[in-house]
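Subject: Structure handover

Hi,

Please load it first; my notes follow below.

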Amino acid sequence: MPRSLWLLVIGMMINVTGSSFLWPLNTIYIHDHLGKSLTVAGIVLMLNAAASVVGNLLGGVLFDKIGGYKSILLGIVITLISVVALMLNHSWPVYMYLLIFIGLGSGIVFPATYALAGTVWPEGGRKAFNAIYVAQNAGVAAGASLGGFVASISFHYIFVANAALYAVFFLLAFFGFRNIDDSSVKQVSILDQNPTIKNREKFGALVVLCIGYLLCWVGYVQWPSTISSHTQTLNISLSQYSLLWTINGVLIVLGQPLISLFVKHFAKTLKKQMVLGFIVFIVSFVVASYAEQFTAFLVAMVILTIGEMLVWPAVPTIANDLAPSGRQGFYQGFVNSTATGGKMIGPLLGGMVVDYYNMSLLFMIIISLLIVGIFTTQIYDKKLNAKLEGKGSQSSDAVGV
């Protein structure tokens, strides 16, 4: 990998390590420490995610307009100010307001980072996005493993650690990212682009693909929201719950060679890779629906991790391949805003279902949504392929069919 990509990888790991001290424990803190219902916790997380959606779209547009360095730095500054304020005051309702600003700032950072990764190593293909994805999950492993231990002592130290790591991320980005070259992806004039109908078809394919991606995230975010609270009712400790996320991150970091080998032989296209991932997600939620002991949740988490290793890196890779010249930032912003939309809908949906009905119904709903996601993934590129037919296999491979 080029040096510039290594800097992005290290930055992403520090960023996610800091946020992972807090995000798996948000629902537990709001519900158990601030005394709010799961529905209220879901609303707070929905607002955080809604701000991230705005940040994702803004980050993508800013990347195309002003470049990756300035976009990432703006997002970090907004987030850093917010987490420092959260360290000083994490009472209700200040906690809710600051989570909204954290969502906005972090939302700007992610699409700009993914777009920059795709441009500094274009010949790397999916490897660049896998590298950022692995860095994220190394951060999850580190942050979650320490977060559960620190929270068991005092939640205040969680906020201190979060602020300290964001300060480190700011310094790395300020001094390290400024020389990363993204000149090849500056916004081009619409007069220089290919016919607009082709771009509409590519964007239409991305929209259909992201429907399934959103539904998958609606299910996934049940783990740090409703499922986290559910484990507390089963007398599973905070440290054990945090251990699940540690295992999630470690498996992703260490399991990449095995997943790469599996994909090479059994899922040779990105579409097949995603469909297999959806099926694995379904199996994970079936196991979780019957879980009552820590070991059962551990098995469900391991299965879930395999599913996300197949799905999560595939979507930004497809988006990068679909993006017309000068629109990489916008396409990555759309992908990230879709994921954040799932994070926005998921906690509120889950909280309301559990508050008014039960966990069993929630699991049934999530499994149904994942089945719909398989269907949308299967059909996302049909119109695009009809236009590409006869233009050679290289064009088809570019969209992962």
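In which helix is the place of Gly277? Gly277 sits in helix α12, residues 270-290. Helices here are DSSP runs of H or I with at least four residues, and they are numbered from the N terminus.

Two points on conventions. This is a predicted model, where local features need pLDDT of at least 70, side-chain atom pairs count only at pLDDT 80 or more, and totals for chains, interfaces and linings use all residues. Residues are numbered from 1 along each chain as its sequence is written, and side-chain values use heavy atoms, with hydrogens and water left out.

Back to Gly277. Its relative accessible area is 0%, so Gly277 is buried (under 20% relative accessible area; exposed is over 50%, partly exposed in between; 1.4 Å probe, protein chains only). Setting aside neighbours within four places in sequence, Gly277 is in contact with Gly307, Leu310 and Val311 (contact: heavy atoms within 4.5 Å). Its C-alpha is 9.5 Å from that of Thr305, 28 residues apart along the chain.

Next, a loop residue. Ser225 lies between α8 (196-220) and α9 (226-233). Ser225 counts as buried because its relative accessibility is 3%. Not counting residues up to four places away in sequence, Ser225 touches Thr27, Leu45 and Pro347.

Now helix packing. Helices α4 (residues 68-88) and α7 (residues 155-176) pack at about 155°, axes 9 Å apart. Axes are lines fitted to C-alpha atoms, for helices over the stretch in contact, and angles run from 0 to 180 degrees between N-to-C directions. The pair is therefore roughly antiparallel (over 145 degrees; under 35 is roughly parallel, 65 to 115 roughly perpendicular, the rest oblique). Residues making the contact include Leu73, Ile76 and Leu80 of α4 and Phe159, Ala163 and Phe170 of α7.

Helix α1 (residues 3-20) has end C-alpha atoms 26 Å apart, which agrees with the 26 Å its 18 residues should span at 1.5 Å a residue. The expected span is 1.5 Å times one less than the number of residues. In α1, 13 of the 18 residues are buried, so the helix is largely enclosed by the rest of the structure.

Helix α16 (residues 359-379) has 21 residues and reaches 31 Å, close to the expected 30 Å. Its buried residues include Leu362, Phe363, Ile366, Ile367 and Leu370. At its start, a side-chain oxygen of Asn358 comes to within 3.2 Å of the backbone nitrogen of Ser360.

Best wishes

Key: Helix = DSSP H or I, 4+ residues; strand = E, 2+ residues; numbered from the N terminus. Polar contact = N/O pair within 3.5 Å; in protein donor to acceptor, adjacent residues only side chain to side chain.
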